[in-house]
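Hello,

Here is the structure for you to look over. My notes follow below it.

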Amino acid sequence: MFRLPVERLDELFAMVSAAQTLYIPADGKDSRAHYTKWEEGIKLSNALNTVRSAKDFFFPQTTNLCDFNKKDKEIEIIDNRTESEDFVVFGVRACDTRSFTILDKVFLVDPVDSYYATRREHGTVVTLACTEPEETCFCGVFGIDAASPEGDAACWIADGYLYITANTEKGEKFISLVSSLLEESSDEAVEAQKKATAEIMSRLPFNDIDTSYFRKNTLLEIFNSDHWKKLSEACIGCGTCTFVCPTCQCYDIKDYDTGCGIKRYRTWDSCMYSDFTKTAGGNPRTSQVERFRQRFMHKLVYFPDNNNEEFGCVGCGRCISRCPISMNIVKVIKTFGEVQ
Amino acid sequence: MQVNENKEFRPLIVAFCCNWCSYAGADLAGTNRMNYPADVKIIRVPCSCRVNPMFILRAFQRGADGVIMCGCHPGDCHYTSGNYFARRRMTLLFSMLDFLGIEKERTRVEWVSAAEGAKFAATMNEFVETVTKLGENKRLEDLRCKKQ
Amino acid sequence: MQEAVINRAKELLADGTVNRVAGWKTGEFSFDTTPAVFTSAEELDADFVYNDFCAPNLSKYLVKESRKEGKLLVFLKPCDTYSFNQLVKEHRILRENVYVIGVECTGKVDAETVKLKGIKGITSMESDGENVTIHTLYGNKVLPKSETLGTKCATCKSKKHVAYDELIGNDGEVDEESKRFEVVEKLEAMTPDERYEFWRGELSRCIRCNACRNVCPACTCESCVFDNPDSGIAQKAAADSFEENMFHIIRAFHVTGRCTDCGECTRVCPQNIPLHLLNRKYIKDINKFYGDFQAGADTISKAPLNDYTFGDCEPSIVYSRGGNE
């Protein structure tokens with residue numbers, strides 16, 4: 001374990017950004033945290049988490065896949081990918097860090113999504129432990145420890161020091177990059193912080209929600225449940241929950257006619273939308289009940305079925321605080337859990 | 001072929017002209033051999049009321065530096081009242097563009113009758129001059145649509 | 001208040017006047033209420049709430065609900081009644097299938113406003129009408145209610161119910177002194193460059209989740225132009241700054257003259273973009289150019305964009321006027 005005084009954080013950021021592009025959560029004009037490219041004067045936010053999740057770095061809202069040009073009767077296909085540069089994302093929380101593992105299971109299985117894979121290869125994730133979780137946090141339900149995050153390197157801010165330790169080779173590379181600023185240290189302060197955070201975590205209102213219903217009952221039983229109708233009643237069909245979600249990974253591929261060629265791009269899509277997975281034959285889910293059900297079935301049933309029982313949710317709580325009508329995954333889990 | 005690096009900026013102007021008055025006015029300007037810049041591209045519409053605010057934005061998106069809408073004089077609409085509705089819509093839209101900080105001189109509405117060839121030419125000359133001074137449209141451009 | 005509301009709902013259910021009740025349901029926290037339809041006295045007792053946290057506007061749900069069998073009881077706050085009237089005017093709500101009870105409103109507490117004050121980990125909130133007590137994981141706090149209101153309530157235009165079959169609580173007045181155009185005026189007084197910077201800063205955060213559109217009681221098209229692949233503008237993403245501008249200009253333009261200024265768009269925006277300012281700019285322009293008009297104030301007047309006079313101002317007014325006119 002290494003440490004450096006918090007006052008010298010700026011020096012660390014400067015040193016990193018001299019070598020690679022560095023992103024940190026910083027407060028925007030709207031007084032909320034957003035990942036921002038670090039430059040002189042950008043300060044690390046005190047907020048627990050950013051409004052958008054960190055999935056943007058590896059799976060951005062839009063990705064230009066390729067361009068087409070028509071020359072006479074030939075169609076030219078242009079791969080517009082430029083070799084992406086190494087970058088560091090600093091201050092990622094434990095929940096968002098776990099979301100990368102979940103996205104990996106989608107994009108890095110055969111056939112590998114090369115756009116995603118390239119970004120993963122070039123990105124170093126430096127995580128930051130939580131000390132003041134919000135009421136909407138429930139990462140513990142999915143076995144995530146907010147006080148000791150995963151990631152290439154993990155950090156803790158305790159007693160005026162930033163403690164850092166590497167988890168992977170990339171993390172070690174990161175630490176060696178800034179080693180001139182760091183000093184060796186014991187981990188007493190970190191252990192004390194972990195204990196304090198664990199105590200708060202145990203008091204969180206959603207700490208003890210029970211997801212076992214979704215593993216004990218059959219897919220069809222859950223699918224055909226009467227609860228969906230009541231739960232989705234108020235849903236306005238916007239994409240807020242899916243777009244702030246760190247693990248939602250559905251996308252649409254569209255062609256955009258620029259007037260001087262075609263741009264084929266990938267964009268986040270939301271299962272809440274009426275045109276989600278629409279094909280020539282129509283839309284498989286014609287009502288909001290079905291669309292709503294799809295989202296939660298995916299996270300709580302289909303995904304664990306296909307991925308060794310791992311749920312497709314990390315408990316970051318963004319959908320809870322952002323939903324216009326306050327309907328969210330916790331309410332769904334609880335509603336089903338109650339009737340057991 | 002020699003490429004002149006310092007070529008003068010020529011704006012692209014889209015003019016929506018109603019079929020009954022302004023398009024005929026443009027025609028008259030042409031048959032009378034009046035000069036107006038070739039930067040003006042005319043799109044004929046059945047009535048100024050046909051111009052959806054979306055058309056104006058799309059013109060900017062596809063590279064226009066200025067957009068002008070021409071219709072019959074108020075009271076002379078071929079469909080009685082189309083231009084009155086268009087007048088309200090465009091007033092509100094232009095005011096909104098101004099509110100968003102987009103140069104208000106890039107948009108304009110002029111009423112040009114079929115007999116006003118001279119007015120058409122004069123209007124276009126003046127509008128092109130104004131937009132040329134403003135330079136390229138940067139605030140309402142779509143980078144994807146830029147020709148490489 | 002809540003008790004009176006529940007009792008009246010039970011009476012109307014019992015005597016068969018209505019077969020369903022639309023209202024608000026408690027959530028996981030006392031401050032996260034969800035719109036819901038109740039069909040029995042037991043359900044009402046279990047979940048129904050009406051308190052200082054019931055911000056969602058129920059009018060839009062009536063477009064679908066009023067087309068179902070039987071009559072529906074709905075509770076509407078003053079601002080919701082404007083949206084209701086507007087939808088009745090556009091024949092989107094079948095008036096005869098809805099029984100409206102107007103409920104008094106003194107402004108709703110907004111959790112986001114409270115959180116912006118640096119208060120973290122809110123587990124519950126209680127309001128006594130004057131003060132809001134906030135219980136958090138890290139201790140309790142008390143704030144005056146006036147400091148906890150969301151944007152839509154902080155600049156409320158009217159506490160008067162413009163449509164109802166009966167009222168519970170007092171009816172208020174239209175606030176002639178309302179400061180709702182203050183921010184719009186401030187922006188108008190800026191230079192175009194400053195305005196451009198301001199809006200780039202705000203709109204560049206847009207994630208095109210469509211919450212503003214979907215929650216808007218004026219946006220009731222069966223199929224939106226932004227979802228129509230043939231429109232050429234259904235890009236689904238804010239892929240370019242142009243898309244962000246265009247989406248918001250057109251969204252606001254489509255409801256011009258029909259927007260009642262209920263403020264739901266700003267309340268629901270996950271990125272906290274002050275979208276209501278765009279709508280208010282249109283409202284302010286309409287008031288100035290074509291005479292004062294309040295959408296939803298009645299069910300008969302002609303909308304400003306469906307109307308004209310011979311003497312309307314010319315669009316050139318936009319370049320001839322000075323900054324904050």
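Start at C:Gly27. C:Gly27 is buried, because 21 other C-beta atoms lie within 10 Å and the cut-off for buried is 20 or more. Please keep in mind that this is a predicted model.

**Around C:Gly27**

Where does C:Gly27 sit? Its place is the loop between β1 (20–25) and β2 (34–38) of chain C. Leaving aside residues up to four places away in sequence, C:Gly27 touches two residues of chain A, A:Ser326 and A:Lys331. From chain C, it touches C:Asp32, C:Thr33 and C:Thr34. C:Val49 is 22 residues from C:Gly27 in sequence. In space, C:Gly27 and C:Val49 are 9.8 Å apart, C-alpha to C-alpha.

**The sheet in chain C**

Take the two pairings in turn. β6(C) pairs with β7 (residues 131–136) of chain C over five bridges, in the antiparallel sense. C:Ser124 stands opposite C:His135 of β7(C). On to the other pairing. β7(C) and β8(C) run antiparallel and are joined by six bridges. Here C:Val132 stands opposite C:Leu143 of β8(C). The link from β7(C) to β8(C) is a hairpin through two residues.

How many of the six residues of β8(C) are buried? The count is zero, and β8(C) is hardly covered.

**Two domains in chain A**

Now chain A. The domain assignment gives domain 1 as 2–59 + 82–202. Domain 2 is given as 213–249 + 271–337. The C-alpha centres of domain 1 and domain 2 of chain A lie 28 Å apart. How many residues of each domain are in contact with the other? Domain 1 of chain A brings 23 residues and domain 2 of chain A brings 17. The side of domain 1 that touches domain 2 of chain A has 13 nonpolar, four polar and six charged residues.

**Chain A against chain B**

The contact between chains A and B takes five residues from chain A and four residues from chain B. On the chain A side, two of these residues are nonpolar, two are polar and one is charged.

**Chain B by itself**

Chain B has four helices and four strands. Along the sequence they follow the pattern β-α-β-α-β-α-β-α. The radius of gyration of chain B is 16 Å, close to the 15 Å that the globule rule gives for 148 residues, so chain B is as compact as a globular protein of that length. Its C-alpha trace spans about 50 × 40 × 20 Å along the principal axes.

Buried residues make up 54% of the 148 residues in chain B. What share of its contacts between residues at least 6 apart in sequence joins residues at least 24 apart? That share is 82%.

Best wishes

Key: Residues numbered from 1 in each chain as written. Chains lettered and ligands numbered in written order. Predicted model: local features only at pLDDT ≥ 70, side-chain atom pairs only at ≥ 80, totals over all residues. Rg over C-alpha atoms; globule rule 2.2 N^0.38 Å. Buried ≥ 20, exposed ≤ 12 C-beta atoms within 10 Å, placed from the backbone. Contact = placed C-beta atoms within 7 Å. Nonpolar A, V, L, I, M, F, W, Y, C, P; charged D, E, K, R; others polar. Pairing = 2+ DSSP bridges. Domains from an automatic or database assignment.
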